[in-house]
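The following exercises concern a predicted model. Please study the sequence and the structure, then work through each task before reading its solution.

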Amino acid sequence: MKEIIIRRAKKSDIEDIIKLADQLRKTEAPLDKTKNIKEDSYLSNIYREKELKYISSRKKIFLVAEIDKNIIGYVNGYIVENSDIYYRDPVAYLDCLCVDKASRKQGIGKKLIDEFSSIVKKKGTKYVKLNAFENNTPAVSLYKKEGFEEYSIYYMKKI
């Protein structure tokens with residue numbers, strides 16, 4: 001098996017990140033019961049600018065996985081500011097995890113989660129929190145295998 005390198009994202013990675021994000025949208029949109037995910041959400045300039053800001057931000061953790069200099073996955077998130085107001089211990093939020101469809105089931109998601117967790121742990125966090133569509137069975141399975149437990153349930157109502 002070829003070596004998987006996990007590293008901090010660079011601005012020059014943006015095109016590969018956008019392609020992966022669109023794969024994520026195509027996976028998640030059918031799972032969204034509200035049908036509220038826009039078709040072009042990850043292809044928009046607004047999303048591109050947001051991701052470029054995340055990559056540059058010291059407050060965000062943005063990592064990519066690569067094999068042979070090809071980006072095949074990414075994870076991003078942040079440490080919840082002022083988490084002591086809400087939680088006893090500091091909490092990090094894993095905002096997005098995506099692995100290229102052709103590269104799944106090879107431990108890449110696990111490596112991204114492990115590296116993200118290692119970074120936030122060194123910064124003093126005690127927990128990592130994330131959201132997932134409950135019917136995204138592969139993602140939920142990965143998260144449970146990695147030690148995540150169901151913590152709360154979000155509800156959404158169209159008004």
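**Exercise 1.** Determine which residues Arg7 is in contact with, leaving aside its neighbours within four places in sequence.

*Solution.* Step 1: set aside the neighbours of Arg7 within four places in sequence. Step 2: list what remains in contact with Arg7, namely Asp13, Phe62, Leu63, Val64, Glu66 and Ile71. Step 3: consider Asp13 from this list; its side chain and that of Arg7 are joined by a polar contact of 2.9 Å.

**Exercise 2.** Decide whether Arg7 is buried or exposed.

*Solution.* Step 1: locate Arg7, which belongs to strand S1. Step 2: take its relative accessibility, 18%. Step 3: apply the cut-off, by which a residue under 20% is buried. Arg7 therefore counts as buried.

**Exercise 3.** Describe how strand S1 is placed in its sheet.

*Solution.* Step 1: read the strand order of the open sheet, S1-S2-S3-S4-S5, with mixed pairing. Step 2: identify the edges, which are strand S1 (5-8) and strand S5 (127-129). Each has a single partner strand, so one side of each is left without a neighbour in the sheet. Step 3: note that the twist averages 30° from one strand to the next. Step 4: examine the pairing of S1 with strand S2 (residues 60-67), which is antiparallel over 4 bridges. Within S2, Glu66 is the bridge partner of Ile5.

**Exercise 4.** State which strands helix H3 lies across.

*Solution.* Step 1: find helix H3 at residues 108-122. Step 2: name the strands it lies across: S1, S2, S3 (70-79), S4 (91-99) and S5. Step 3: give its direction, which is at about 155° to S4.

Definitions and conventions
Residues numbered from 1 in each chain as written. Predicted model: local features only at pLDDT ≥ 70, side-chain atom pairs only at ≥ 80, totals over all residues. Heavy atoms only, no water. Pairing = 2+ DSSP bridges. Helix = DSSP H or I, 4+ residues; strand = E, 2+ residues; numbered from the N terminus. Axes fitted to C-alpha atoms, helices over the stretch in contact; angles between N-to-C directions. Contact = heavy atoms within 4.5 Å. Buried < 20%, exposed > 50% of the residue type's maximum accessible area, 1.4 Å probe, protein only. Polar contact = N/O pair within 3.5 Å; in protein donor to acceptor, adjacent residues only side chain to side chain.
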